[in-house]
Structure formats: structure tokens, C-alpha cells
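Hi,

Here is the structure I promised to pass on. Have a look, and my notes follow below.

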Amino acid sequence: MTTHPISAHGLERSFGTLVAVDGIDLEVEEGEIFGFLGPNGAGKSTTVRMLVTLLKPTGGTASVAGYDVVEQPNMVRRSIGVALQDAAIDPLMTGNELLKLQAILHGLGSREATRRSGELLERVGLTKAGNRRVGTYSGGMRRRLDLALALIHNPSVLFLDEPTTGLDPTSRLSMWEEVRALNKEGTTVFLTTQYLEEADQLAGRIAIIDGGRIVRQGDPAVLKDEVGDPTLRIEIGDSIMLDTAKAVLTTFGEWRPARDGRLAIGLEGGAKRMADVVRSLDAQGVPVAHIELDTPSLDDVFSDATGRRLEGAMVDDEES
Amino acid sequence: MWMTRRNLTRVVRMPSIIIPMAIMPLFFVVAFTGSFSGITEVPGFPTRQVINWVAAYALIQGASFAGLGAAGSMATDLDDGFIDRLLLSPIRRSSILVAPLLYTAIRALIPITIVMVASAMSGAAMPGGVLGVTLAYVAGVGGGVVIGAFGLAVVLRMNDIRAMSVVQTLAFVVMFPSIGQVPLVLLSGWMHWVARINPVTNILRMARQGFLGPVTWADTWPGLLALAIGTVVFGAWAGYELERRNP
Amino acid sequence: MTAAVGLPSTFDGSRHRFRVTLEQGFALAKRSVLSTWRSPAAWVPGLVLPLMIAAVYSAQFAMATQLPQFPPVDSFLQYMLPASVLQSIAFGAGNAGTDLATDIENGFFDRLMASPVARQSVLVGRIMGAAVFSGFESLVLVLVFLAFGAPVKGGVGGVIAIIFIAGLLAIAVGGFGVAVALRTGSPEATQSMFPLTFVFLFMSSAFFPTELMNGWYQQVAQSNFIIDPTRRLVIYGWSWTDLLQAVAVTLAVAAVSLSWSYRMYLRRLEVK
């Protein structure tokens with residue numbers, strides 16, 4: 001048995017003929033924030049549901065906090081905190097009541113439950129709202145309560161499934177602060193997100209899942225370097241010149257996927273070649289409407305791995 | 001017209017709508033005749049066969065589900081913004097209300113026919129002949145449309161899917177204290193008074209007369225009047241609520 | 001918070017497992033009672049509609065009690081008492097199902113499943129919550145009937161017996177609602193089961209005595225072994241036989257519905 005807080009080997013889940021997760025391997029180190037990235041339907045939620053014992057794998061093995069998710073599900077449940085997508089909270093209960101209920105469900109006595117609830121309400125800044133019904137909470141408050149619920153039993157591993165989806169920028173920042181603080185105290189965090197910036201900001205290491213397979217895994221900085229040349233995006237002012245523009249650009253680097261009406265290449269040699277590109281286009285009489293140079297981002301890592309853009313594929317629908 | 005067609009298409013494509021529409025009226029016939037067959041033994045009850053009495057009640061109740069259905073569709077359409085899109089389009093405002101009511105009228109024919117057939121099979125008489133049957137249909141369709149108009153008004157007013165439970169409860173509350181199951185002569189006290197002034201009583205009388213004897217104008221005009229007033233008043237209210245949405 | 005602690009102190013085995021399970025079931029039952037109480041739309045109809053039907057029917061059918069075949073009652077209202085209690089249970093127990101389906105739909109059920117709560121507590125808590133609430137509603141109904149002059153001949157014992165039967169019946173009916181909820185995971189589907197309970201009610205002596213029915217309908221209505229003994233407690237007086245009959249039949253129904261819902265529960269835990 002491994003000592004990693006989370007590890008999976010050949011983990012697999014199919015629903016009928018649909019293979020949602022197709023044999024993935026993961027090793028999450030003690031005390032890190034691990035970012036799990038992917039578009040909707042890529043298998044993120046299915047993976048998380050298997051790791052938190054809500055779904056049985058159809059193949060492979062996984063262990064969390066040193067316990068096998070299939071053989072010792074109850075030991076796993078005792079060791080983990082889980083905040084699932086959409087912050088499922090009964091709107092008719094107060095924050096305080098929900099925290100106490102959660103504490104009792106984790107086997108705490110009622111006095112201990114009261115003490116712990118008060119502590120956590122304070123921690124997530126909901127002391128004043130503690131006796132109000134959750135139905136009156138804002139989206140950010142619900143997520144913070146959700147986080148408090150996940151922390152009720154001092155878990156060593158915390159699963160956060162898209163903790164900031166649908167939040168406004170301010171609430172998102174305060175959620176990030178809280179996650180960093182928890183991590184500093186030693187909690188291992190497994191974070192799924194469809195926001196590249198979130199993974200960039202928080203995660204020490206990331207894995208990108210697409211079509212049920214992990215397509216990249218590692219330190220974000222290293223992954224970005226691996227993508228190589230920065231991306232040059234150009235929009236030309238006259239579509240008649242499209243072929244001419246293509247002919248020019250192809251001499252400067254390899255084609256990259258781009259949105260409609262734009263051209264993108266990996267610019268060999270980087271920023272210092274920009275002037276050459278512009279001069280060549282000008283010499284051929286190609287009018288340039290827009291030009292930009294992007295050093296690799298996680299989006300580029302994703303598109304390098306899958307041939308598609310992640311941000312463009314973002315929808316607010318639930319992953320099924 | 002196409003809006004009515006859209007609603008009809010929805011019914012054909014969703015068996016979950018059509019099954020209760022067929023089952024509920026059947027159940028009314030079976031339950032009212034089965035449970036209360038003994039009521040005719042009370043001295044003064046106008047008929048020996050309970051089905052002759054309750055068929056009209058089952059018919060109005062069955063038809064009222066068609067009206068509730070129209071209000072339900074409106075609630076859904078409001079919820080997903082379909083109505084607002086219609087309000088922004090150049091179609092005639094009135095058709096937003098007329099279409100679902102027309103659809104209610106057509107849809108009401110199904111439960112009414114089911115009740116008529118089931119009643120005939122349980123031995124109901126029809127001394128009123130073709131005219132009696134026609135008036136039963138008119139009462140049923142009219143009742144469905146009145147409930148539909150009322151439902152549309154409440155749904156437009158409350159702008160919430162929960163309006164449906166309000167509509168259902170109120171429809172039930174109005175239909176219940178009437179001569180649905182027991183004739184006026186056998187009612188006493190507050191119930192006699194409420195049933196006498198309840199317009200549902202007039203509609204029931206119009207629908208029922210053919211089952212009990214020859215059709216008379218005296219049993220017909222109060223029902224027609226009640227239906228006309230109901231349709232106009234609730235229709236106007238619904239129209240007002242619709243106007244209010246778009247200043 | 002300390003770094004990567006193993007298990008919190010509560011799991012050192014010092015607290016008895018049975019006691020923890022009991023506490024969890026109780027906490028979940030409390031939650032289900034609280035959320036029902038806080039959404040009046042869920043329970044007010046369960047009180048108001050039966051009372052309204054009772055008021056209307058007892059006025060409409062008052063003269064029927066004079067018929068020779070009608071059981072000896074003080075009033076039609078007295079005859080209606082068990083029917084009203086049963087209607088209220090049909091409403092309340094239906095809620096147990098829809099609430100659970102809502103929990104499944106919005107993910108609260110997942111939250112429970114990802115915690116180390118004893119699996120049985122979730123089911124038991126939900127159904128016990130419904131039973132407690134139904135018992136309470138029945139008590140209110142009986143008191144209203146008493147206030148309007150419909151005596152329970154079985155006395156205080158009879159009232160307690162009715163409330164006890166009501167609670168058991170809520171478990172039995174709630175079991176079906178919960179099973180459908182677990183099976184479908186959809187509040188709408190669970191809600192649509194509700195009219196079925198009315199079919200059962202109508203095809204019994206709930207609203208009119210079987211003595212005045214005939215044919216196959218009478219036979220069906222006579223095979224309802226819960227409402228008749230309950231009514232005998234109301235209109236004749238105390239009887240152990242009637243109480244035992246009602247309880248035994250209710251328990252049998254509960255056994256069927258609970259084992260079905262347990263099977264659906266296991267299925268949801270396995271497949272999903």
C-alpha cells in the first residue's frame with residue numbers, strides 16, 4: 001500500500017458501453033494542492049465520485065488516505081472532506097443546524113458538534129448568518145458553508161469539486177485565500193476546476209483529463225514550457241488575402257488551432273521574430289486587423305494535448 | 001393557430017400527459033358510482049341509478065383537468081421565457097390566451113367522451129337524446145375553458161410554477177360544494193345555501209338534465225350564463241395580467 | 001487545525017457504534033421533521049384538504065346515515081374520521097418520498113453518502129421523520145373532529161390507538177414513496193404516485209360504507225383491513241381485536257414497502 005494521500009492505478013468506470021474514465025493513474029503528494037482540469041464531460045466528476053466512494057470503479061484500484069476506496073469505503077469517508085459541485089445544501093435549514101447535523105453524521109457527540117460548528121462558522125465568516133436559513137444565503141456564502149461542512153471532522157484530504165463555478169470574482173478570491181490557508185495547515189487538497197486561472201493560481205501540480213484519459217500531468221510551469229513556442233494570433237482585414245496570409249505564416253512556425261476567422265501559429269524563435277512576420281505580411285499586401293503574441297498558458301497546454309481549446313468549450317452545465 | 005398545434009403536438013408526444021387524462025375520468029366514474037351507489041336509496045333521490053347522477057360530475061371534473069393542463073403549460077412557458085419571446089414577436093396578443101383556451105376545448109373532448117362511453121357502459125340512461133348529449137359536451141368543454149382561463153390568470157399573476165397548486169386547490173374548492181353528488185333537495189343547512197348559489201350547480205344541472213329526462217330551457221340557460229360569465233370575467237382578468245407584463 | 005491528522009478523537013472506538021447509529025438516525029429524522037415544518041406548502045394541504053372534504057361530505061351525506069344499512073354512527077362526520085386521518089397520511093408520507101427525491105436531485109444525498117454515516121440511518125431517519133409528522137397531524141385532526149362533536153367511542157385509548165396506527169401507516173406508505181424516490185431520483189415522478197393512494201382510499205369504506213355498495217366494487221372495498229377496524233374503534237368502542245387487526249395488517253404492508261425500498265436503496269448505492 002502506498003503512502004500517497006491519493007493514488008489511482010488504471011482506474012476505470014464505464015456506464016454501459018460509455019467509458020467515462022478510461023484507466024487513469026494519479027499520485028497526489030502529501031500536503032499539496034492538486035488541480036484536476038478538464039472540459040465538461042471529460043470524466044472529472046466521475047473520477048472524483050469514485051475517489052470519494054460515491055461510485056464504484058469498474059476497473060483498476062484507488063486508495064485515499066491509505067485506504068482502498070472499494071474495500072474500506074467507511075475508513076475513506078472518515079478521512080476525507082468533500083465539497084461537491086453546486087453546494088448541495090437544504091435551503092430550509094440554517095447553517096448552524098446543517099453543521100451540527102454533519103458533525104453528528106461523522107460520529108461527533110452533540111456537545112462536540114456544537115463547539116465545532118461555532119468554530120467553523122467563525123472560520124468561514126458566517127457567524128452572523130449561522131442562524132439564518134441557507135435559502136437566504138448568497139452563492140459565495142453557500143460555498144463557504146459547503147467548505148465548512150467538508151471540514152467538520154478535520155479531514156486530512158479535502159476534495160473540492162469546482163468550488164468557484166458561478167461565483168463572482170470577489171467571492172472567488174476569498175475562496176482561493178481559504179483554500180491556500182487550509183493547505184498551509186497541512187491539508188492535502190484535490191481540486192477540480194474548469195478555470196485554468198484557478199489551477200494556475202492554486203495548484204502545485206495538475207492533471208488534465210480529456211475523454212476519460214489523463215493527457216498531461218505535472219508542474220504547471222514545466223507543462224507550459226513543454227508546449228514550446230509562444231502562440232501568434234492574427235486576424236486579417238480582408239478575407240480575399242487569406243491564402244496569401246497562410247502562405248506567409250506557414251514559413252514562421254507550425255499551425256495551431258484558432259477560433260474562426262483567425263490564424264494561429266507557434267512562432268519559432270519567439271517575440272523577436274514578430275517584426276519579421278509583420279514585415280512579410282506587409283510586403284505581400286496583407287492587411288492585419290489584429291495581432292497578438294501569447295506566451296504558453298495552461299490553455300495552450302490543453303490544446304497542445306487535445307487539439308481543442310478549453311475556455312471555448314466552457315459551459316455552465318453540469319457534467320454528466 | 002400554430003400555438004394550439006404546438007400544444008397538441010406536445011400531448012401526442014408525451015404519453016405521461018395523455019394517460020392521466022384518460023385514467024382520471026374513468027376513475028371518477030368508477031369511484032363515484034362504486035362508492036356511493038347506495039346514496040340513491042335515500043328517499044327523494046331523483047334517480048335509482050347513481051351513474052345518471054354522477055356522470056355529469058365526473059365529466060366536469062375530467063374536463064377541468066384539461067383546463068388545469070393549459071394553465072400548467074402556461075406556467076412552464078413563463079418559466080422558460082417562451083411567453084416573453086412571444087410578447088416581443090409581432091403576433092396578436094390575444095392569441096397568446098386564445099390558443100391555450102382553444103386547445104383546452106379540444107383536449108376536453110377526450111375526457112368527456114371517455115366519461116360518456118363509460119357511463120353508457122355502466123347503464124346510464126339518456127332520455128334527453130342528442131340534445132342532452134350535446135349539452136353535456138357543451139357544459140364539459142365550457143367548464144374546462146372557464147377553469148383554463150382562471151388558471152391562466154392566476155399563473156400570469158403569480159408568475160410562478162407554484163401557482164398551479166393554488167389553481168388546483170381553488171378549482172377543487174369551488175367544484176366540491178355543489179350538487180355534484182347529492183341533489184339540492186337533500187342538502188340542508190350551510191351546504192344547501194352554498195350549493196344553491198354555486199355557479200357550478202347551474203353548469204352541472206345543464207350537463208345532467210339529459211341523463212334524467214327531457215331537456216328544458218329552464219335547466220339550460222343558467223348553465224350557459226354561468227359559463228359565459230366565467231369565460232368573459234376570467235378571460236378579461238388573464239388579458240389584464242398579460243398586458244401588465246409588458247408596459 | 002493540525003497538519004494531516006489521522007482520525008479525529010471521536011473514532012477511537014470509545015463511543016459505542018450502536019449509539020452513534022441511533023444518534024445519526026435521530027438527527028436525520030429531526031432534520032426531516034424540521035424541513036417539513038418549515039415549508040408549510042408541504043403539510044398545510046395535508047391538514048386542510050381532509051378537513052374540507054370531511055366538512056363537505058358530512059354536510060352532503062348527512063341524510064345517508066338514516067339508511068337502515070348504514071352503521072350506527074352519531075354523525076357522518078364521525079364516520080369520516082378514519083378517512084380523514086388516512087388522507088392526511090397519504091399526503092405526509094408522499095412528502096417523505098418527494099423530499100428524498102429532492103435530496104437525490106440536488107446532491108444532499110451524495111453529501112450523506114460521502115460521510116461515514118451508517119447507511120441504514122439515512123433511510124430510517126427519513127421514514128421515521130414522516131411517521132412522527134403524520135402522528136402529529138393525525139392528533140390535530142382527531143382533536144378538530146372532537147371539537148366539532150365527532151366522538152371517538154374507544155376513548156383516550158382509542159385516540160392513542162388511532163395515532164399509533166397512523167404513524168405505522170405513514171411508515172408503510174412512506175416506504176413506497178421512498179422506494180419510488182430511490183428508484184427514479186425524480187421528485188416529479190414520486191409526486192405522480194400520489195393520486196394512487198386516493199384510488200386506494202376511494203375503493204374502500206373510507207367515504208361511504210361497504211354495506212351500501214354492491215358487486216365487485218363492494219368486494220374490493222371490503223378487503224381493506226386497515227380502515228374498517230380503525231373505524232370500529234371510533235364508532236363502537238375499544239377493542240383489542242380491532243387494534244391488533246389494524247396493526248398487524250399495517251405491519252404487513254410496511255414489511256413489503258420497507259423491504260422494497262431497502263432493495264432500491266442497495267441498488268442505488270451499488271450502481272450509482
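**What I found**

Let's start with Val29(B), which sits in helix α2 of chain B, residues 15-35. Helices here are DSSP runs of H or I with at least four residues, strands are E runs of at least two, and both are numbered from the N terminus. Bear in mind that this is a predicted model: local features need pLDDT of at least 70, side-chain atom pairs count only at pLDDT 80 or more, and totals for chains, interfaces and linings use all residues. Residues are numbered from 1 along each chain as its sequence is written, and chains are lettered from A in the order in which they are written.

Is Val29(B) buried or exposed? Val29(B) is buried, because 27 other C-beta atoms lie within 10 Å (20 or more counts as buried, 12 or fewer as exposed, in between as partly exposed, with C-beta atoms placed from the backbone). Beyond four places in sequence, its contacts (C-beta atoms, placed from the backbone, within 7 Å) are Ala58(B), Val115(B), Ala118(B), Ser119(B) and Ser122(B). Ser119(B) is 90 residues away from Val29(B) in sequence, yet their C-alpha atoms are 7.1 Å apart.

Now chain A. Its open, antiparallel sheet has four strands in the order β2-β1-β4-β5, where pairing takes at least two DSSP bridges between two strands. At the edges are β2 (18-28) and β5 (67-68) of chain A, each pairing on one side only. Strands β1 (6-15) and β4 (59-64) of chain A run antiparallel and are joined by five bridges; Ile6(A), for instance, has Val64(A) as its bridge partner in β4(A).

Cheers

Definitions and conventions
Two residues are in contact if their C-beta atoms, placed from the backbone, lie within 7 Å.
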